[in-house]
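Here is a short note to read beside the model. Keep the structure open as you go through the points.

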Amino acid sequence: MSAHPQRAAAPTGPIPDHPKGGILGPAYRTLSIGIISVIFLIAFEATAVGTAMPVAARELDGIGLYAFGFSAYFTTSLFGMVLSGQWADRQGPLRPLTVGIGSFAAGLVCSGTAGAMWMFVLGRAVQGFGGGLVIVALYVVVSRAYEERLRPAIMAAFAASWVVPSIVGPLAAGTVTEHLGWRWVFLGIPALVFVPLAVALPAIRRTASGPVDPGAPPVAFDRRRIKLALGISAGAGLLQYAAQAASNPGARWLSLLPGLAGAALLVPAVLGLLPRGTYRARRGLPSVVLLRGVAAGSFIAAESFVPLMLVTQRGLSPTLAGFSLALGGVTWAAGSWVQSQGRLAPYRERLMVLGMIMVAASIAGVPAVLVERVPVWTLALVWAVGCLGMGLVIGSTSVLLLKLSAPEEAGANSASLQISDALANVVLLAAGGAAFAALGGGAVGAAHSAAEGAGASHPGAFLVVFLPMACVALVGAWVATRLDLVPGAWRGPGRTGRGPGRTGPTAGEGGGAVAAAGAGTGAGTGAGAGAEDTVKA
């Protein structure tokens, strides 16, 4: 945020056709370490920012706009994804990746120096644009540089790179927040940008830079798709604003205008950018794309409110609140490792159904800690179950996307997958944020410190976030039963393919025709994958 059933995207560049060894073998070692270091940076940012966010929102008097701190990232990332897909398909992934990392760092600096909540949200928006460029470019790198047999392993490595940040990130961010201030959590992370730049970019230049066919004439950017990308970003932003305004009884009617304008922009853009049949859960690639959105959207919308709930309702420090999610990084990596095992490939669909059931049960179990008699530590175990399920699902959707993409389509198809991911995050965060504010969430912690937050009880504001998201995750379990590929199931307008055995895209289509292609992170990462969680892969 994808089309080629039985044919893998062949690697390009100087890597041999059948190099020996795995992703850390001689042929791939430098590249793997480089791109994993990029994921590590995003993962550390995600876990650190998620820990500092409740304190930042409270000190900037922006608890009522808390959801904007997350959804702004996803809104602008939608445009970045479409731009990155076309850019990478035409000129290779090196440039969008470089620009994306730079924008990611600039957004962190903007948020870290913000004097008001709107400036903080603006920084998150700049960061989201960079994140959108990065995640799609990374998918193109994997598609071009790695054999199909190695892609599940590199996706599992992406997830494994979250383990250390998930454990160290909350502790480090909480300590910095309590002793130096939340701003240093944002301002300190950009210094880490130089490491992935130094390691990853030279390796990518050697193995996956430039167009797929250097001898082909250059293809111009698809202006229609760029306009659709702007429409989907603007529409998502207007819907988020309308949802937030609707929580204020005095402004409820005024929210109808931006809401209608957002829908008018969003609906045609989504229909033009995502595979035909996506929102009907059409069997095959459209269902893969839809499942990615349902899984990521429900999980991230719920996860975004977990630290805030623990700080304000149970009186935990920011460090402990963030650390309660650390075990999830380990189980997410474990789930991604399980799906990468070749002997389980025939059972991938069943694993994904099981994964979505685990996610739904986990989200539904989170509100139990609102009861004082329930030990807070039980949340860590409950959330770890959901993260295990997400590792099974997100890793599998990434593998299916790359398996079904021709090399020249990898960028646009990856953009489709990530658009579904980010759009679901925006919509579900908007809905959850509006419901949260409508039931008194905007007053949570407004006049209390983190230590006093337990006295400002608004349990209903959290229940209307978690329970509906659990229901959405259950819908995802049904969508996961429709992933089997059938001839013609993913075919879109202008395509010559006919399901298994099709011979590829018509000349000149490149990656621009995502709607025709049929489908298609960080790996991103959590509050940064996940936004940022999308990069966990």
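**Notes on a helical chain**

1. Start inside. Beyond its neighbours within four places in sequence, Val-294 is in contact with Val-472 and Gly-476 (contact means heavy atoms within 4.5 Å). This is a predicted model: local features need pLDDT of at least 70, side-chain atom pairs count only at pLDDT 80 or more, and totals for chains, interfaces and linings use all residues. Residues are numbered from 1 along each chain as its sequence is written, and side-chain values use heavy atoms, with hydrogens and water left out.

2. Val-294 sits in helix H11. Its C-alpha is separated by 8.8 Å from that of Val-479, 185 residues apart along the chain. Val-294 has a relative accessible area of 11%, so it is buried (under 20%; exposed is over 50%, partly exposed in between; 1.4 Å probe, protein chains only).

3. H11 covers residues 285-303, 19 residues in total. H11 is largely enclosed by the rest of the structure, because 19 of its 19 residues are buried.

4. Step back to the chain. Of its 537 residues, 63% count as buried.

5. Finish with Phe-323. Is it buried or partly exposed? Phe-323 lies in helix H13, residues 318-323. It counts as partly exposed, at 38% relative accessibility.

Methods. Helices (H or I, at least four residues) and strands (E, at least two) are DSSP runs, numbered from the N terminus. The expected span of a helix is 1.5 Å times one less than its number of residues.
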